[in-house]
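I opened the model today to look up its aromatic pairs and the helix around them. My entries follow in the order I worked.

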Amino acid sequence: MARPEKKSQLGQPPMKAQIKEAARALFIQRGISDVSYGDIAEVVNTTRANLHYHFGNKSALIEEVFQETFDDLEAQFQDVWARPGLTLAERIGLVARDCERRFYQFNDTAKGRNPWSLSARVRFERHLISERTQEGISEMSRHFEEFVAHAVKLAIGEGELRPDTPVRQVVMLITPLWYFGSLLTQHSGLNKLLDHYQAVIDTVTAAYGTE
């Protein structure tokens, strides 16, 4: 496990971490193509030369931002979908709450229409990211579906869902909300996305629940 970065004397994360955080937020808000080193430097209150010192070119920065995102998501997958003692409904609810948290990082009200997902935003700019990062996005998606399938099997094994529950079909109900949640809220706001998550919980419970 990677060690947490040390903070500066003023309690702020090191400059490299600040740059990645600012870049990620700008990439989500404006897209990769519309964000320059100058834009990022202005947010962090540093110079473009300092960005070059830490990352070299913009492509290298993009790769590091995505790699950090992949690492965070892998840890989240483990915690939400593989942790013992949770029902499938609770796991889906945790994902919905995480979407809500990320939504409010970029929106002031539930009716906000700003994007909040890096992977969703970059789907329209794949030509601007490396093959390695594109493969990382694909691998992240595969891992997500594998973790959800594992959680459905756990629910069957624990007696929460019937033995004849079609695992793949349940996975297909859950995963699109995670893939396209940001796009859905840009069209209909947060509450519609949360309603969709609840509808999946209700549908799976009604169709395959044992109680």
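The model is predicted. Over the whole structure I got 10 aromatic pairs.

I looked up F66 and F70 next. They form a tilted pair, 6.0 Å centre to centre with 50° between the planes. The two are 4 residues apart in helix α4, so about one helical turn separates them. F66 is buried at a relative accessible area of 1%. F70 is buried too, at 14%.

Then I checked F77 and W178. This pair is edge-to-face, with 5.5 Å between centres and 65° between planes. F77 sits in α4 and W178 in α8 (residues 167-188), so the pair ties together parts 101 residues apart in sequence. Both F77 and W178 are buried. I followed the ring pairs onward and found a cluster of F77, W81, F144, F147, W178, Y179 and F180.

Back to helix α4 itself. I read 24 residues, 58-81, and a reach of 34 Å from first C-alpha to last, close to the 34 Å expected. N57 caps its N-terminal end: a side-chain oxygen lies 3.3 Å from the backbone nitrogen of S59. I listed the buried residues of α4, among them L61, V65, L73 and V80.

Last, the core. The largest nonpolar core holds 58 residues. I40, F66, W81, L88, W178 and Y197 have the most contacts inside it. I took I40 and left aside neighbours within four places in sequence; its contacts are I19, A22, A23, L26, V35, L51 and L61.

Notes:
Residues are numbered from 1 along each chain as its sequence is written. This is a predicted model: local features need pLDDT of at least 70, side-chain atom pairs count only at pLDDT 80 or more; totals for chains, interfaces and linings use all residues. Side-chain values use heavy atoms; hydrogens and water are left out. A nonpolar core is a set of buried Ala, Val, Leu, Ile, Met, Phe, Trp, Tyr and Cys residues joined through side-chain atoms within 4.5 Å. Buried means under 20% relative accessible area, exposed over 50%, partly exposed in between (1.4 Å probe, protein chains only). Contact means heavy atoms within 4.5 Å. The expected span of a helix is 1.5 Å times one less than its number of residues. A polar contact is a pair of N or O atoms within 3.5 Å; within protein, one must be able to donate a hydrogen and the other to accept it, and residues adjacent in sequence count only if both atoms are side-chain atoms. Rings of Phe, Tyr and Trp (its six-membered ring) pair if their centres lie within 6.5 Å; planes under 30 degrees apart count as stacked, over 60 as edge-to-face and the rest as tilted.
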